[in-house]
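The following note sets out numbered points on the structure shown below.

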Amino acid sequence: MAVHSSDKKHWWFTQRKLVDKYIKDARNLIARAELNDVTSALHLLDAALSISPRLETALELKARSLLFLRRFKEVADMLQDYIPSLKLAANEEDASPSSSEGSSSSYSRDGVKLLFHASEREWWLKCFSVSELTKKVMSGICKKCDQEGQWRYVVLGQACCYLGLMEDAMVLLQTGKRLASAEFRRRSNCWSDDSFIPLSVSSSPTSPPRNLTEGENVTHLLAHIKLLLRRRAAAIASLNAGLFSESIRHFSKIVDGRRPAPQGFLAECYVHRAAAFKSAGRVAEAIADCNKTLALEPSCIQALETRASLLETVRCFPDSLHDLEHLKLLYNAILRDRKLPGPAWKRHNVRYREIPGRLCVLTTKTKKLKEKIANGETGNVDYYGLIGVRRGCTRSELDRAHLLLCLRYKPDRASSFVDRCEFTDQNDVDSVRDRAKMSSLLLYRLIQKGYSAVKTIIAEEAEKRKRDAAALQAQTPMHEIEERKPVEKSGLVKITGFTELKAVEKTKKTENTQPKPVNSNAYQGVFCRDLAAVGNLLTRAGFNHPIPLKFEALTC
């Protein structure tokens with residue numbers, strides 16, 4: 001027994017020395033801050049964790065290495081038990097007896113409490129309750145702070161921010177800062193006055209810039225998160241209040257900001273702005289935002305539903321049917337896998353228990369669209385609604401609306417929003433650009449087709465008005481000539497209308513062009529046509545006194 005226990009103790013010491021060596025080498029590699037070195041350090045940490053899976057130092061170094069390598073999804077999968085909204089969703093699913101087996105195993109986030117209640121149709125427009133998340137996080141801090149450390153909240157908070165989980169990131173970063181401040185106060189109580197040495201700040205202009213500490217980086221990131229959340233809350237409040245232009249303005253500040261926003265958060269803002277555009281009657285802009293959302297998140301259910309509804313509104317039934325078929329395949333995949341697509345912490349705009357009912361409604365709508373297409377209703381596209389002009393608009397109004405749409409959504413600028421997006425995986429950038437260009441090209445062709453159709457309609461209406469005016473003008477002079485007879489005197493002409501005025505001008509040009517004595521009583525000026533009309537009116541009124549008129553002034 002003694003020999004066996006000594007062998008076991010010797011094995012434990014050998015493995016502990018090996019783990020310490022792995023961690024020491026990993027620290028040295030991480031300190032170089034190079035991608036290849038950090039990747040090598042990550043392999044050493046995996047070897048150390050295979051020997052000692054619960055070693056706190058190895059877990060912290062691995063999480064920070066993954067964060068440095070921008071592998072945020074792996075950080076979230078590694079520390080998903082500390083995501084506040086995921087805890088709330090799991091607890092509420094366990095508490096609800098009516099939840100199905102599939103929904104309870106999917107760890108969906110549909111059970112998170114919301115700030116305010118509204119109709120079921122618009123539940124996806126609400127914000128998460130940050131106070132509930134904070135209570136959930138702070139409830140276990142006192143018990144677990146000493147064993148697990150505060151690094152989890154800081155590292156996971158940064159990863160959640162880049163994954164688009166902004167509420168979770170804000171709560172986790174605030175908790176990490178609060179724990180760091182408490183730890184600093186606890187340690188400073190036992191420090192002497194000599195421990196506080198003032199830092200000498202170099203004022204030389206050639207000195208290199210100082211690197212920000214982790215606390216300063218967290219503070220800046222937290223301020224950016226709060227700004228984005230405030231703008232999104234204002235945009236959603238405006239949308240719910242019916243102020244669509246104000247909501248569009250707030251969402252545009254987020255998606256067009258100077259500092260890039262996370263990919264998941266931008267996709268959520270784009271689909272919300274598409275709903276605002278749809279409510280405001282701007283169909284082309286709403287379809288363009290749905291295209292951007294699907295380029296960032298191809299499995300976004302809300303974007304597919306919104307775009308299919310918009311295409312059906314303008315009676316573009318084949319494209320709407322294509323989106324509904326895509327949505328049907330997505331619903332069937334969810335029911336087959338018994339969970340929503342993506343990892344457990346991914347946010348979705350639909351609940352798992354709603355999928356069967358949505359699938360039935362979707363099947364009925366697909367059958368109706370197929371019947372309309374079979375009846376030949378594909379050619380009656382509402383291009384006026386697509387471009388955003390009224391029926392009976394002028395050519396200038398059509399050209400202006402078409403120019404604005406072309407400048408915004410031409411294929412050359414379709415992928416410009418990618419530069420303002422912060423991707424979780426840089427390998428996805430090319431695929432996002434390709435999807436954005438393809439969808440934008442389809443929308444651009446539809447806009448060009450609509451512009452040609454509306455321009456043809458406007459030209460035909462203008463030609464019809466010209467023909468009607470010419471026919472009316474051809475009929476009216478015959479009646480006027482029969483009713484009115486001009487009276488001519490020597491040197492004086494009584495003019496009864498503008499037609500007779502032109503006839504007199506032509507006859508005088510063909511007569512003898514020798515100079516005649518000028519009538520001193522004739523009015524000389526440039527308003528002879530107006531005076532002739534006034535004289536005609538006076539003659540009709542009973543003042544049978546013709547106005548003397550100088551014929552040479554009729555050419556003015």
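1. Arginine 390 is partly exposed, with a relative accessible area of 47%; buried means under 20% relative accessible area, exposed over 50%, and partly exposed in between (1.4 Å probe, protein chains only). Its partner in a salt bridge is glutamate 397, with the closest N and O atoms 3.4 Å apart. A salt bridge here is a side-chain nitrogen of Lys or Arg within 4 Å of a carboxyl oxygen of Asp or Glu. Glutamate 397 is likewise partly exposed, at 34% relative accessibility.

2. On provenance, this is a predicted model, in which local features need pLDDT of at least 70 and side-chain atom pairs count only at pLDDT 80 or more, while totals for chains, interfaces and linings use all residues. Residues are numbered from 1 along each chain as its sequence is written, and side-chain values use heavy atoms, with hydrogens and water left out.

3. The protein chain contains 22 helices and 4 strands; these are DSSP runs numbered from the N terminus (helices: H or I, at least four residues; strands: E, at least two). Of its 556 residues, 40% count as buried. Among contacts (heavy atoms within 4.5 Å) between residues at least 6 apart in sequence, 67% join residues at least 24 apart. The accessible surface is about 32,400 Å², and 55% of this belongs to carbon and sulfur atoms; the areas come from the Shrake-Rupley method with a 1.4 Å probe, and for residues only the protein chains shown count as cover.

4. The largest nonpolar core has 69 residues, and Ile225 and Leu296 have the most contacts inside it. Such a core is a set of buried Ala, Val, Leu, Ile, Met, Phe, Trp, Tyr and Cys residues joined through side-chain atoms within 4.5 Å. Helix 9 (residues 151-162) gives the most to this core, with 9 residues. A second, separate core of 33 residues includes Ile287, Leu310, Val389 and Leu446.

5. Helix 11 (residues 214-240) has 27 residues and spans 39 Å from first to last C-alpha, close to the 39 Å expected at 1.5 Å a residue; the expected span is 1.5 Å times one less than the number of residues. Its buried residues include Val218, Leu221, Ile225 and Arg232. Leaving aside residues up to four places away in sequence, isoleucine 225 touches Cys161, Met166, Ala169, Met170 and Leu173. Glycine 242, which follows helix 11, has a positive phi, near 90°.

6. Helix 14 is largely enclosed by the rest of the structure, because 14 of its 14 residues are buried. Threonine 293 is in this helix (residues 283-296) and has a relative accessible area of 0%. The side chain of threonine 293 reaches the backbone nitrogen of valine 271 at 3.3 Å. Beyond its neighbours within four places in sequence, threonine 293 contacts Ala267, Tyr270, Val271, Cys300 and Ala303.

7. The structure holds 26 salt bridges. One of them joins glutamate 297 and lysine 346 (3.3 Å, N to O). Glutamate 297 lies in the loop between helix 14 and helix 15 (301-313), and lysine 346 in the loop between helix 16 (317-337) and helix 17 (355-374), so the pair ties together parts 49 residues apart in sequence. Glutamate 297 counts as buried, at 18% relative accessibility.

8. Arginine 395 and aspartate 399 also meet in a salt bridge (3.3 Å, N to O). Both residues lie in helix 19 (residues 395-409), 4 residues apart, about one turn of the helix. Salt bridges that share partners join Glu305, Arg351, Glu354 and Arg358 into one network.

Methods:
Polar contact = N/O pair within 3.5 Å; in protein donor to acceptor, adjacent residues only side chain to side chain.
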